[in-house]
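Trainee: Walk me through this model, please. I want to learn how to read its features one at a time.

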Amino acid sequence: MTNHVLSLRGVTKRFGGLVAVNAMNFDVAEHEVVGLLGPNGSGKSTTLNLISGALPLTAGNVSLWGSRISGLPAQTINRKGVSRTFQLVRLLPSMNVRDNVVVGAVFGHRRRWGHDANEHAEKLLERVGLGGKGDMSLGQLTYIDTKRVELARTLASDPKVLLLDEWLAGLNPTELQIGINLIKSLRDEGRTIILVEHVMDAIRSLCDRCVVMAAGTKIAEGTPTQVLSDKKVITAYLGD
Ligand code: ADP
Ligand code: MG
């Protein structure tokens, strides 16, 4: 038995000669918000891809509630309760807001959604603060609202574990506060969250714990205060 929702052990990814993720070990407890930090190119998005099954591991394993999930198809991992947003929003501009959520949702969940898909999508849109905007085209939305659509889509499978890849990036200060509160509300409803993030205010107010990567390797782990004052972390961010 384990009280860890997710465990990474020796998780490694090579792209040809490049070791993008190098023997990463960390655990995530239930209801925890863990920040995955590190400079650009340090392997954060790749780590999320390895957890979600979007990429196969070169070595190591990922477990969900103590059972190995690495090696399973991405769709299976998603059905088991792991869902992610992408660093770059991947919506379908020719479809309206509601259909973008429906399309994202039916991926692997058609049976559960059935003919109530539109209704279910409306509930998710309300959940993320987009109530009444289902018929709008994506082009009519503000930037934060496109982020909300993406979040609604990610929530469609009702994930226990939510992987957010720089979901707050590019928001202005007012939007940032809204975004932070939205993530807090997802945590408060019992979700476990891994957050790739650069925005320091967001890291400080959201993360219980942070794991910091540099060049594919974990260089620090601890509370936001601990890691943000760690010399190795400061050096990694500033470049040496
Ligand atoms: P981060 O999200 O921390 O900015 P990434 O995980 O995107 O970093 O990338 C880590 C390293 O792996 C980078 O050097 C990047 O160029 C490389 N990389 C990422 N994805 C691929 C891929 N599909 N093929 C080859 N190299 C990749
Ligand atoms: Mg990235």
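Trainee: Which residue stands opposite Met213 in β10?

Mentor: Strands here are DSSP runs of E with at least two residues, helices are runs of H or I with at least four, and both are numbered from the N terminus. Two strands pair if DSSP finds at least two bridges between them. In this case Met213 faces Lys218 of β10. Five bridges join β9 to β10, and the two run antiparallel. Their hairpin has two residues between the strands, and Ala215 takes a positive phi near 45 degrees there.

Trainee: What should I know about the source of these values?

Mentor: The model is predicted: local features need pLDDT of at least 70, side-chain atom pairs count only at pLDDT 80 or more, and totals for chains, interfaces and linings use all residues. Residues are numbered from 1 along each chain as its sequence is written, while chains are lettered from A and ligands numbered from 1 in the order in which they are written.

Trainee: What is the strand order in the open sheet of six strands?

Mentor: The order is β6-β7-β8-β3-β9-β10, with mixed pairing. β6 (82-84) and β10 (217-222) are the edges; each has a single partner strand, so one side of each lacks a neighbour in the sheet. The twist averages 20 degrees from one strand to the next; axes are lines fitted to C-alpha atoms, for helices over the stretch in contact, and angles run from 0 to 180 degrees between N-to-C directions.

Trainee: In which sense do β7 and β8 pair?

Mentor: Parallel, over five bridges, with β7 at residues 161-165 and β8 at 192-196. Leu164 stands opposite Leu195 of β8. β3 (residues 33-37) and β9 (residues 209-214) are also parallel, over four bridges. There, Val34 has Arg209 as its bridge partner in β9.

Trainee: Which residues touch the most other members of the largest nonpolar core?

Mentor: In soluble globular proteins, nonpolar side chains tend to be buried together. A core here is a set of buried Ala, Val, Leu, Ile, Met, Phe, Trp, Tyr and Cys residues joined through C-beta atoms within 7 Å. Buried means 20 or more other C-beta atoms within 10 Å, exposed means 12 or fewer, and partly exposed lies in between; C-beta atoms are placed from the backbone. The largest core has 57 residues, and Ala152 and Leu195 touch the most other members. Contact means C-beta atoms, placed from the backbone, within 7 Å. Leaving out residues up to four places away in sequence, Leu195 touches Val33, Gly35, Leu36, Leu164, Leu206 and Cys207.

Trainee: Is Lys231 buried or exposed?

Mentor: Exposed, because Lys231 has 8 C-beta neighbours inside 10 Å. Lys231 lies in helix α10 (residues 231-238).

Trainee: Which element gives the most to the shell around ligand 1?

Mentor: α1 does, with three residues. A residue is near a molecule if its C-beta atom, placed from the backbone, lies within 6 Å of it. Residues surrounding ligand 1 include Phe15, Leu18, Gly43, Lys44 and Thr46.

Definitions and conventions:
Contact = placed C-beta atoms within 7 Å.
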